[in-house]
Amino acid sequence: MEVFLYHTPELTPPDSLPDCAVVIDVLRATSTIATALENGAEAVQAFGSLSDLMAHSEAWPESLRLRAGERGGAKVEGYDLGNSPLDCDPQLMAGKRLFLSTTNGTRALQRVEAAPQVATAALINRRAVTEFLALTQPKTVWLLGSGWEGGYSLEDTVCAGAVAELLAESCSYQIGNDEVIAARALFRQWQGDLLELLKQASHGRRLLGLNGDADIEYCATLDILNLVPIQKSPGVLIKK
Ligand code: 3SL
């Protein structure tokens, strides 16, 4: 297994895909996806654009769907939910399909949706995703950060480092690029205070300004969910 890290979809090699892509958007899309599935959502269907989300979700029975839209950190007007994982409570999620569009995370998913295997990772389900990689041993793995509007995200990098660090404990793998080494070093430096790192990150500060303290605290917690969101058809993620 050879593991690469790309900080944003824009930095991935063009016209290329890995055997397994692991999309990361700690704040907050992949934390929300894992939480929604853990709490009973039938699936999460991700869309880059809000208009596509509206068009596709219209065909789904109203009683079985929830629309979640986020732009710039805020809930999109007229949607059932924004992108807070803490809104994904079991009563609301049970049996529903969550139609989700966010600023960066769902765009990152779109970039790799044609890969043979697509999963999502966040700090909250880091161990489950790592065990999945160690078990399935894909030949090439991309850890793909979502970033923010084409730029670097500290919180996605530390999560990639957390996966890469734990993976090294359970199997040997080849390091595909320098980004993996840097991410592991970042995780080693901050593993004792991930909450503080997330609060210092630029998107963490943006969310703090939007009263997102509780979300950040939740998203900074390692290994609390034991599931891997896996793509079953393009853009549609289910619980593994
Ligand atoms: O960019 C994204 O995809 C979102 O996760 C951003 S936010 O945390 O909902 O603001």
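The space taken by the ligand is the largest cavity. Here a cavity is a set of points, on a 1 Å grid over the protein atoms alone, where a 1.4 Å probe fits but cannot get out, and a molecule sits in one if more than half of its atoms lie within 2 Å of its grid points. Before we look inside, note that this is a predicted model, in which local features need pLDDT of at least 70 and side-chain atom pairs count only at pLDDT 80 or more, while totals for chains, interfaces and linings use all residues. Residues are numbered from 1 along each chain as its sequence is written, and side-chain values use heavy atoms, with hydrogens and water left out.

Let us start at the ligand. There are 14 residues around it, and Arg28, Asn83, Thr102, Asn104 and Gly105 come nearest; to be near, a residue must have a heavy atom within 4 Å of the molecule. Some polar contacts (pairs of N or O atoms within 3.5 Å) can be listed with their distances. An N or O atom in the side chain of Asn104 is 2.7 Å from an oxygen atom of the ligand, and for the side chain of Glu70 the corresponding distance is 3.4 Å. Leu27 takes part through its backbone, with an N or O atom 3.2 Å from a ligand oxygen. The protein covers 100% of the 290 Å² of accessible area that the ligand has on its own, as computed by the Shrake-Rupley method with a 1.4 Å probe.

Leu27 also leads us to the backbone. A cis peptide bond joins Leu27 and Arg28, with omega at about -5°. Most peptide bonds are trans. Arg28 lies in the loop between E2 and H1; helices (H or I, at least four residues) and strands (E, at least two) are DSSP runs numbered from the N terminus. Buried means under 20% relative accessible area, exposed over 50%, and partly exposed in between, with a 1.4 Å probe and protein chains only. Just after H1, Gly40 takes a positive phi of about 105°.

Ile216 is buried, at a relative accessible area of 0%. Leaving aside neighbours within four places in sequence, Ile216 is in contact (heavy atoms within 4.5 Å) with Leu27, Leu195, Leu198, Lys199, Gly204, Leu207 and Leu208. Thr8 is 208 residues away from Ile216 in sequence and 21 Å away in space, C-alpha to C-alpha. Thr8 sits in the loop between strand E1 (2-6) and strand E2 (20-24), and at 1% relative accessibility it is buried too. Its contacts beyond four places in sequence include Leu144, Gly145 and Tyr152.

Next comes helix H5 (residues 126-136), the place of Thr130. Thr130 is buried at 2% relative accessible area and touches Val163, Leu166 and Leu167, not counting residues up to four places away. In the loop between H5 and strand E8 (140-145) we find Gln137, whose phi is near 45°, a positive value in a residue other than glycine. Gln137 is partly exposed, at 37%. Asn211, in the loop between helix H9 (202-208) and H10, also has a positive phi, about 60°, without being a glycine. With a relative accessible area of 70%, Asn211 is exposed.

Definitions and conventions
A polar contact is a pair of N or O atoms within 3.5 Å; within protein, one must be able to donate a hydrogen and the other to accept it, and residues adjacent in sequence count only if both atoms are side-chain atoms. On a 1 Å grid over the protein atoms alone, a cavity is a set of points where a 1.4 Å probe fits but cannot get out, and a pocket is an open set with protein on both sides within 12 Å along at least five of seven lines; lining residues have an atom within 4 Å of a point.
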